[in-house]
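Hello,

Here is the structure I said I would pass on. Please look it over; my notes follow below.

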Amino acid sequence: MSAHQQPASTPAEPHRVTVDHVKTPSEDIVVVDVREPEELTAPGAMTFPGAVNYPLGPLLRDRSTNSLKHNLATKKEIVTLCNGGYRSGIAAQQLAAFGFNAGVLDGQYN
């Protein structure tokens, strides 16, 4: 089992992550904004500082073929975010189901 995967006895459920947990950059944690690129360039759009953009569709496709980008497979924790929480919840749930230590960013980050 690699460092990013949870033991088999751990339920495949994503956890809630506070802004304080991820606001200091870490090599072990990656914050992933799962919105579409055009959403990030819309007037007034914001994202978490240092987050990588990996839209939900490609993320799920690449996860299913074991070809995740942005070195996600090497991270100890993957934290997802979007505008309202729906897509980030789906992303974290799917990543957790495949054994990743995945969480959803909880709360405001601006």
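How many helices and strands does the protein have? There are 4 helices and 5 strands, where helices (H or I, at least four residues) and strands (E, at least two) are DSSP runs numbered from the N terminus. Along the sequence the pattern reads β-α-β-α-β-α-β-α-β.

First, the ground rules. This is a predicted model, with local features needing pLDDT of at least 70 and side-chain atom pairs counted only at pLDDT 80 or more, while totals for chains, interfaces and linings use all residues. Residues are numbered from 1 along each chain as its sequence is written, and side-chain values use heavy atoms, with hydrogens and water left out.

**Core**

Of the 110 residues, 36% count as buried (under 20% relative accessible area; exposed is over 50%, partly exposed in between; 1.4 Å probe, protein chains only). The largest nonpolar core has 17 residues. Such a core is a set of buried Ala, Val, Leu, Ile, Met, Phe, Trp, Tyr and Cys residues joined through side-chain atoms within 4.5 Å. Val32, Val34, Leu59, Leu68, Leu72, Ile78 and Leu95 have the most contacts inside it. β2, α3 (56-64), α4 (86-97) and β5 (102-106) each give two or more residues to this core. The largest share, 4 residues, comes from α4. Apart from it lies another core of 9 residues, including Val19, Val22, Val79 and Leu105.

Leu59 touches Val34, Tyr54, Leu68, Leu72, Ala91 and Leu95, leaving aside residues up to four places away in sequence. Contact means heavy atoms within 4.5 Å.

**Helix α3**

Which residues of α3 are buried? They are Leu56, Leu59, Asp62 and Arg63. They sit on the same side of α3, because they cover an arc of only 135° around the axis (taken from the directions from the helix axis to the C-beta atoms). α4 is included in what covers them. Asn66 follows α3 and has a positive phi, near 55°.

**Second largest pocket**

This pocket holds about 230 Å³ of space. A pocket here is an open set of points on a 1 Å grid over the protein atoms alone, where a 1.4 Å probe fits, with protein on both sides within 12 Å along at least five of seven lines; lining residues have an atom within 4 Å of a point. The lining has 17 residues, with Pro25, Ser26, Ile29, Val31 and Gly50 nearest the centre. β2 gives the most, with 3 residues.

Best wishes

Note on methods: Points joined across faces, edges and corners; volume = space filled by probe spheres on them.
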